[in-house]
Amino acid sequence: MTTTKEKAIALCRVSTQGQANDGNLVPQQQNVQRAADTLGVDLVKVWALAVSSRKGKNLKRKDLIEMLDYCKRYSSVKYLIVDEVDRFMRSIEEYYWWKMEFKRINVRLIHANRPDIDPDDDRTVFDELIDVYRAEQSNNERIHKTPEKMMAKIRVGYYPSNPHTGYKTSDIPGFHLPDEPNWSAMRNAFKAMIAGECDISEGLKRATKDGLRTKNYGPKAVGGKTIDMYRWKNLMMDDYYCGVVRLKDWPVVNRDGIHKPMITPEEHEILVAIAKNKGKRFIVDRNNPEFLLSNEAECADCVLANKPYPRLVGYWQNNGQTKNFKRYRRYRCRTCNLGVRQETFHAGVTEELTKLLLSDEQRDKLKKHMRKVWSSYEVERMERARIALGRVQLLKNKKSDAMDSYVAEQDVEMKHEIKEKIDTLKLEIAEAEKIAAEAQDFEKDFDEFIGYAFDIMDNLGTKWWQEDKATMRVYKQMLFPRGIQLSQDKKVYIPEFSVIYRYASTKIAPEGADFTRLEGPVRLELTTRGLKGLCSTN
Ligand SMILES: [Zn+2]
């Protein structure tokens, strides 16, 4: 004797594979089985899967299409059981559309939490509608809330998006690791461009040669391709590489991302200037003149303890009163929060600076070394001079041709026109010659630079504070090779003075000041950090 029991299928759904792996499907599977038992039907097939049910995504959902096909093939299936409304669909329109699709082939949608109610009862219809409405609303909320969650991640230094070129994902979502060879290829090229060793296209060439290729991350990305100039400039201008974490158009920015930066924020500024074709010897950075030493000085204890972020940063502090409101400029250590008033710290540095004195002999040596460094900046100018001279020759050739045709021309009007053309060419030649001469006149510029440099060094106590940050950094690297530090008792502590100076009080150069072995005032390069190896960025 056979019973023709009615049959049911069921859907158990979670949004992500992670939820499925965490066992979130199991309770649903139990619920739908219980509902089938209550209805007295055979549960013949269950679709258990991870798929999004967000609004607009449901009409093409593979699981639903499969289920509908199944029901069409087996007309004994009379029920489709889902645990709760939101397991089926988070969209009012799509919910009822799919419900009707199944109804047309005589399959009724059943909710596991109330399997035996009369589907046509007013109350049932209303309750169902409310549930579907809630499901869609909570979906909207999710869409709305996700950025807030992501912004919270950014606030603590994670990058909740695809890794940038040069980085790869790690086991921790949003924490990206250097991806070799891209990371080193980019870093080395960036550093070389910043130091003025090469220009943009040479930098790109080097990086490409070192293995820089695109990655597969992101919806439109194609992996394994070389980077073009447009993209290269974008990479140069991306502050992610100096540790900044932000997402387009979002209000939250974190300058201390947890990923390993390639370059410092200051170096980033230089790269941006180069990418925007404003590569100058000294990049003016007046972003924060109040805190010239922000990120330029370190906390002595934290340096000693080898902490990754021993740098001091400037900030404003107020006295917390609404009446008599006051703000103080202060510096604090990013690691241990040791703080000092900005005026106190600056005064301490000024005091150290006024102790420094340059002897005549040292002056000569310094000049010699400076010339060496200076010449490395002249590569670009020599190129400009070469181009200018080429243009002079070209214009002269044109002029000579024009002269020939002037002589040969019989027509008076044409002759007049050629004459005008020759006059224009003469002016252009004069102009090009002037540009060429200027580009070739390295000596004059060097003398100006030396005069400027010595003037600064003779008046460091005041000059130091009048300069932009990039220039100050040059001084710092020349004078205090191991940087400027703040000791626990809030005093300025200079671990090492450059040998180019001697102390005014002793009138002799420090012991071991053998200039002949020096490469130059070694830290005259614009961008070398004062604390190689001590900072996380190196
Ligand atoms: Zn500290």
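# Paired strands and packed helices

Guide: Start with V82, whose bridge partner in strand 4 is H111. This is a predicted model, where local features need pLDDT of at least 70, side-chain atom pairs count only at pLDDT 80 or more, and totals for chains, interfaces and linings use all residues. Residues are numbered from 1 along each chain as its sequence is written.

Visitor: What makes strand 3 and strand 4 a pair?

Guide: They share 4 bridges, in the parallel sense, and pairing takes at least two DSSP bridges. Strand 4 covers residues 108-111.

Visitor: Which residue does I9 stand opposite in strand 3?

Guide: I9 faces L80 there. Strand 1 (residues 7-14) runs parallel to strand 3, joined by 5 bridges.

Visitor: Why is strand 3 called largely enclosed?

Guide: Of its 6 residues, 77-82, 5 are buried, so the rest of the structure largely encloses strand 3. Buried means 20 or more other C-beta atoms within 10 Å of a residue's own. Across the chain of 538 residues, the buried share is 27%.

Visitor: How many helices and strands are in the chain?

Guide: The chain has 18 helices and 16 strands, taken as DSSP runs of at least four residues (H or I) and at least two (E).

Visitor: What makes helix 9 and helix 10 roughly antiparallel?

Guide: Helix 9 (residues 229-237) and helix 10 (residues 265-275) pack at about 150°, their axes 8 Å apart. Helix 9 and helix 10 therefore also go down as roughly antiparallel. Helix 9 passes helix 10 in a left-handed crossing. K233, M236 and M237 of helix 9 meet L271, V272, I274 and A275 of helix 10. The contact of helix 9 with helix 10 comes to 6 nonpolar, no polar and 1 charged residues.

Visitor: Among contacts between residues at least 6 apart in sequence, how many join residues at least 24 apart?

Guide: In this chain, 63% of them do.

Note on methods. A residue is buried if 20 or more other C-beta atoms lie within 10 Å of its own, exposed if 12 or fewer, and partly exposed in between; C-beta atoms are placed from the backbone. Two residues are in contact if their C-beta atoms, placed from the backbone, lie within 7 Å. Axes are lines fitted to C-alpha atoms, for helices over the stretch in contact, and angles run from 0 to 180 degrees between N-to-C directions. Angles under 35 degrees count as roughly parallel, over 145 as roughly antiparallel, 65 to 115 as roughly perpendicular and the rest as oblique. A crossing is left-handed if the near helix is turned anticlockwise from the far one by less than a right angle, and right-handed if clockwise. Ala, Val, Leu, Ile, Met, Phe, Trp, Tyr, Cys and Pro count as nonpolar, Asp, Glu, Lys and Arg as charged, and the others, Gly among them, as polar.
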